[in-house]
Amino acid sequence: MISLRSLARGARSAVEPAVRRGFHLYWRMSRGLTLGVRALVRDEAGRIFLVKHTYVRGWHLPGGGVEPGETLLDALARELKEEGNIDLLEPPALHAVYFNTAVSRRDHVALFVVGAYRQPAPPVPDHEIMAHGFFAPDALPEDTVASVRARVAEVLMGAPPSPRW
């Protein structure tokens, strides 16, 4: 007997590529280039905050798109609040800007390293974020995406930054 959970996972796997292309088609028509922000947030124990979206597989660094009229830092603050109930206490450090060709040849991602923040309460899962958590860099969830693993190696282990996300 097929469980409801495995049926939902199968449906998500089937729909995910079309949803991503649809978002990027909209962004392509509404903007010349797309720009996103991501944050590497660590707690006092050195663990990294990751989120798991409802519409794409794997664990990711929190972040999202920069809206028209929004600064990078405004977008980062908004995304951290929405996805992690995280408030920035100081401006984060820009680590690098990457060219992201996974879906489009028009996308760039700015990665910030967050040093000072507060999280008044854990976020509540919603229609966008199904799970979240802090994880030790050497014990990331098995389905953590390759781009996160690469960014952790760059920021925490001194690997040279790649030009590509």
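Trainee: Is Glu82 buried or exposed, or in between?
Mentor: Glu82 is partly exposed, with a relative accessible area of 42%. Buried means under 20% relative accessible area, exposed over 50%, and partly exposed in between, using a 1.4 Å probe and protein chains only. Salt bridges with shared partners join Glu82, Glu79, Arg78 and Glu70 into one network.
Trainee: What am I looking at, by the way?
Mentor: This is a predicted model, where local features need pLDDT of at least 70, side-chain atom pairs count only at pLDDT 80 or more, and totals for chains, interfaces and linings use all residues. Residues are numbered from 1 along each chain as its sequence is written, and side-chain values use heavy atoms, with hydrogens and water left out.
Trainee: Which side chain does Glu82 meet in a salt bridge?
Mentor: Arg78, at 3.7 Å from N to O. A salt bridge is a side-chain nitrogen of Lys or Arg within 4 Å of a carboxyl oxygen of Asp or Glu. Both residues lie in helix H2 (residues 72-84), four residues apart, about one turn of the helix. Helices (H or I, at least four residues) and strands (E, at least two) are DSSP runs, numbered from the N terminus.
Trainee: And what about Glu70 and Arg78?
Mentor: They form a salt bridge too, with the closest N and O atoms 2.7 Å apart. Arg78 is partly exposed, at 23% relative accessibility.
Trainee: Different topic. How many salt bridges does the structure hold?
Mentor: Eight. One of them pairs Asp143 with Lys52, at 2.8 Å from N to O. This pair links distant parts of the chain, 91 residues apart: Lys52 is in strand E2 (residues 48-53), and Asp143 in the loop between strand E9 (129-135) and helix H3 (146-157).
Trainee: Which relative accessible area does Lys52 have?
Mentor: 17%, so Lys52 is buried, whereas Asp143 is partly exposed at 35%.
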